[in-house]
There are 2 protein chains.
Amino acid sequence: MKIVAATKILKANDQLAEENRARLNAAGVFAVNVVGSPGCGKTTLLEALFGHWRGRLRPAVIEGDIAGSVDAERIDALGVPVVQINTEGACHLDATMIAAAAESFDYAALDLLVIENVGNLVCPAGFDLGEHLRLVVLSVTEGDDKLIKYPAIFQRSHALVITKVDLLPHTNFKLDQAAAGMRRLAPEAAIFQVCALHGEGVAGLADWLVLQARAVPRSPSQSPRSQQS
Amino acid sequence: MKIVAATKILKANDQLAEENRARLNAAGVFAVNVVGSPGCGKTTLLEALFGHWRGRLRPAVIEGDIAGSVDAERIDALGVPVVQINTEGACHLDATMIAAAAESFDYAALDLLVIENVGNLVCPAGFDLGEHLRLVVLSVTEGDDKLIKYPAIFQRSHALVITKVDLLPHTNFKLDQAAAGMRRLAPEAAIFQVCALHGEGVAGLADWLVLQARAVPRSPSQSPRSQQS
């Protein structure tokens, strides 16, 4: 019975996610779901990307957190439209939350919707939000063994962004181990190394995301890797 | 119906947790549930503690991970009895998993059972495992805002261990902000600062845990803070 219920919930979520994606496609808005551990540097990465997108892409952000609005305030301070979702204990965003939050935006004034998921390397893996691309963030201070311990979320992502590379000399993180792990789990995924705080590597990631946003075939049948596996 | 099911699951877990605790109490084994983000340094902290416990406490470890046995191999290499639980996707340990894993140990040969939970700042907060003490680990590279974003897990812990303090000069982490946040959420919790990799602060934490293990009233009614709130 429990398993049936879980399957039903996931099916309902998948259907709502497809509706979200159809709405995004119709408006020509590209959506990115950013996942990663608490404190891996998701918001700092977004802050760094906005500067590179100025005049090229009109972004908006949905922030997902258990509680508080710390991240939304940071995005708001940069003049980027933002909605904060407080999940009140829930460990991941779902398609219903995104549908509700997206009502606050004028899609006609946007090119890119960035969804920053709840900091969690486990639960967000199973929930399609209607995004076109899933980007997983891993900081070098977390260790390269995270790809072995949390395979699903890496397997279901289209890009791996390794953050805080300025701290590499102070850690035992092995870039080649992490890259090899990602190639094994998601052979077609792009891999980036950045220090969002000081800007190294951010321009390359920003350019790649602009290309992805422009190249995506905007058909309602488009779905992220999570749905193909 | 979903809410009823969730309540039932939590009630069943609480009952099993009490049975785990009664078994630990009867054997005089003190149990610690270690929670924290992926890569916050839980295993490195354990490795550092074992040296300080030699001749004072006989420890054993239960390792919880979605997949792999990386951490259990590290504990095993130090000659400490260890059981690896692979949750196969589940985002936290529960009392049933602990009951099954604990069968591998001879409680008469132990003083301390350390349970390293799945790396996750959200889901483990709600699940009593039968432990006597919950210890939350936060690395300075994650940022001091984690106490605002993930309040439940800090609120339900008896001690906060701030790790990787050697990296403080390279981060914007504010120790006073983190300490103030913890005092607000869990006024009676102890707060420690350590660098597990180089050993700073580990002796103090090791001594404190020895005292806790010896002082705990071993009655079956004993339950962690999670059950009092």
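In the predicted model, helix H7 of chain B spans residues 175-185, and B:Ala178, B:Gly181 and B:Met182 are buried within this helix. These three residues lie on the same side of H7(B), because the arc that they cover around the axis is only 95 degrees. The partners of the buried residues of H7(B) comprise both strands and helices of chain B. The strands are S5 (133-139), S6 (159-163) and S7 (190-193), and the helices against which the buried residues pack are H5 (146-149) and H6 (151-155).

The contact between the two chains was examined next. Chain A contributes 32 residues to this contact, and chain B likewise contributes 32 residues. On the side of chain A that touches chain B, at least two residues each are supplied by helix H1 (2-27), helix H5 (146-149) and helix H6 (151-155) of chain A. The most is given by H5(A), with 3 residues. By residue class, the side of chain A that touches chain B consists of 15 nonpolar, 10 polar and 7 charged residues.

A further position considered in chain A is A:Asn172, which is located in the loop that runs between strand S6 (159-163) and helix H7 (175-185) of chain A. A:Asn172 has 11 other C-beta atoms within 10 Å and is therefore exposed, given that a residue counts as exposed if 12 or fewer such atoms are found. In sequence, A:Asn172 and A:Gly143 are 29 residues apart, whereas in space their C-alpha to C-alpha distance is 7.1 Å.

Terms used: Residues are numbered from 1 along each chain as its sequence is written. Chains are lettered from A and ligands numbered from 1 in the order in which they are written. This is a predicted model: local features need pLDDT of at least 70, side-chain atom pairs count only at pLDDT 80 or more; totals for chains, interfaces and linings use all residues. A residue is buried if 20 or more other C-beta atoms lie within 10 Å of its own, exposed if 12 or fewer, and partly exposed in between; C-beta atoms are placed from the backbone. Helices (H or I, at least four residues) and strands (E, at least two) are DSSP runs, numbered from the N terminus. The arc is that of the directions from the helix axis to the C-beta atoms. Two residues are in contact if their C-beta atoms, placed from the backbone, lie within 7 Å. Ala, Val, Leu, Ile, Met, Phe, Trp, Tyr, Cys and Pro count as nonpolar, Asp, Glu, Lys and Arg as charged, and the others, Gly among them, as polar.
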